[in-house]
Amino acid sequence: MTNKHGKVWRHIYVTCIICLTVQNSSAETISKRWSGISWMELYSSTTSDSKVLEHLAINSPVQLIADLGKWCEIDVPNTGIHGFCKCNSLVSAPLTLDEIGSSRLRDGTINPHYSPDGSFWLAPSMHRLIDVGNYFWDRQLSNDQKHLEHPALNDLDPEKAQATWQKSEDRMRHPVPEFDAMKNLLESGVVSADENRPVIGAFKELIEAERMTDRSIKNAVGSYSVNQNTKRLLQSVTLVSIKASLFTNERELAPAWSTIEELSAQFGIKEHMRVLGGPQWVSIDDEGPHVAGSWDIGSYALVLAQPVFRHVINRDGQKVSTSFIPLEHHDISQRESNCREGFMPDREGVTHVTSSSGNENLKQPEDLSPAIWFYTSRALPDTQIIVKTYGQIIDMPIHANGNNQQNRHVLVITYSMDLDADGVPDVAQLEISEGDEYGDSPSELLTLANIAGAWTLLSIEHNNSDCD
């Protein structure tokens, strides 16, 4: 064989290898699919009345064996399960929360791909389970039953509606296998999805934001709004200079008012849910008599699977640290208030170990008030806490009256606290007071943490003394 012929054969050989590689790669890509709907049914044959072999959660990976038109033959990897599903139930790439997780798109328009049940499987949490329960209420109940459960919206006599509802078979709700599977998952324990983490923002970025009503800032300060006057005030505050010290990552601590879902997401700790009761007939002034619940859930409890540490530190450097398992009871039939009275949250839970420093008589967090209060996933160093106090009076304009601009005087006292005795503040509290008698009744407390050398806002607390 001549060199010329050898070159031709080598060219053909290489070309064939490339073709086979491309074909194999293409075939491999084509055969990979994912379930594109929640609780997808896998049948034993290509008819809807055949035996249902399995239900697949959204984004479950499958192997496409054959596309038969309306029906697709598939395998479920590593399970030995083989069956048939509707081809329009499969997608070529996993779905994301951005695609199906919200009823509204970022521009405020309705999201046509919103899937309450599908998004639960992507990001399991109690608040998404409640959304799914409401979704099933809308889809699974008859219109007559829905009208009965909201008589004021349908011109029905509330007393007669309540009496009829009490005798209704649908009052107990029929079982929904997917909803039961979701409840079982939360009962067995899950780490709450990252979307539930408390929003902790760099102080400098927050006060320099173009609008103080941006979502990230509203989350960072809880349910309280921050007006432009507060923004100007915070921009005038001089903070203590810091460098990296005890906390190196924002996931090492959580604000005082964090919920169990937030603590679970922040610290990567499983939360467990338990259903306590079913829907109830309630009467709320501005809503009228109606049935309150989320499908078959009327009340429930949440608890963390392992303790977290809650720390309370006062301005004298005295500390109470508690190894604590928080517990929450929620009643959907009762409107839960977002009002936060005072500066210290009252948390229900189980205390394991309590330690204190600076005063041997300190036994409970309530013994220290007002104080900095926050959570960590690990114990703090057992060292003497060094507290330094700084005061600043800021003149804030109220309004201009002709050529005379009126000012209000605001006192900002900063308490910086070194938790590990390295000479660098680790947390700080800003106490904001107005009026002639500063400090008697501060209007706001800001809790800051030194995270990797930058002041980070944990929370803004308002002194609400008239919560009803």
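A disulfide is taken here as a pair of cysteine sulfur atoms within 2.5 Å, and by this rule the count for the structure comes to one. The model is a predicted one. Its protein chain has 468 residues, of which 44% count as buried, and its secondary structure comprises eleven helices and 23 strands.

**Chain-level picture**

- The protein chain exposes about 24,900 Å², and carbon and sulfur atoms supply 49% of that area.
- Among the contacts in the protein chain with a separation of 6 or more, 63% are made by residues 24 or more positions apart.

**Cysteines**

- The disulfide joins C72 to C87, with an S to S distance of 2.1 Å.
- This link of C72 and C87 is right-handed, with 110° about the S-S bond.
- C72 belongs to strand β5 (residues 71–76), whereas C87 sits in the loop between β6 (81–86) and β7 (90–91), so the pair ties together parts that are 15 residues apart in sequence.
- Both partners are buried: C72 has a relative accessible area of 3%, and C87 has a relative accessibility of 16%.
- C85 is in no disulfide, since the nearest cysteine sulfur, that of C72, is 5.6 Å away and the rule requires a pair within 2.5 Å.

**Nonpolar cores**

- In soluble globular proteins, nonpolar side chains tend to be buried together.
- The largest nonpolar core of this model has 36 residues, and M126, L129, F179 and Y375 are those with the most contacts inside it.
- At least two residues of this core come from each of the helices α3 (116–122), α4, α7 (177–188) and α11 (260–267), and likewise from each of the strands β14 (299–304), β15 (308–313) and β18 (372–376).
- Helix α4 provides the largest share of this core, namely five residues.
- M126 touches L186, E261, E271, M273, I297, Y300 and L302, leaving aside residues up to four places away in sequence.
- A second, separate core has 18 residues, including L246, I372, I413 and I451.

**Helix α11**

- Helix α11 is mostly covered, as seven of its eight residues are buried.
- These buried residues are I260, E261, L263, S264, A265, Q266 and F267.
- One of them, E261, is also among the residues that M126 touches.
- Just after α11, G268 takes a positive phi of about 70°.

**R128 in helix α4**

- R128 is found in helix α4, which covers residues 126–140.
- The relative accessible area of R128 is 7%; the cut-off for a buried residue is under 20%, so R128 counts as buried.
- Not counting residues up to four places away in sequence, R128 touches L97, G101, S119, F120, A123 and E195.
- With one of these residues, S119, the side chain of R128 forms a side-chain polar contact of 3.1 Å.
- G101 lies 27 residues from R128 along the chain, and the C-alpha atoms of the two are separated by 9.4 Å.

Technical notes: Residues are numbered from 1 along each chain as its sequence is written. This is a predicted model: local features need pLDDT of at least 70, side-chain atom pairs count only at pLDDT 80 or more; totals for chains, interfaces and linings use all residues. Side-chain values use heavy atoms; hydrogens and water are left out. Helices (H or I, at least four residues) and strands (E, at least two) are DSSP runs, numbered from the N terminus. Buried means under 20% relative accessible area, exposed over 50%, partly exposed in between (1.4 Å probe, protein chains only). Contact means heavy atoms within 4.5 Å. Accessible areas come from the Shrake-Rupley method with a 1.4 Å probe; for residues, only the protein chains shown count as cover. A nonpolar core is a set of buried Ala, Val, Leu, Ile, Met, Phe, Trp, Tyr and Cys residues joined through side-chain atoms within 4.5 Å. A polar contact is a pair of N or O atoms within 3.5 Å; within protein, one must be able to donate a hydrogen and the other to accept it, and residues adjacent in sequence count only if both atoms are side-chain atoms.
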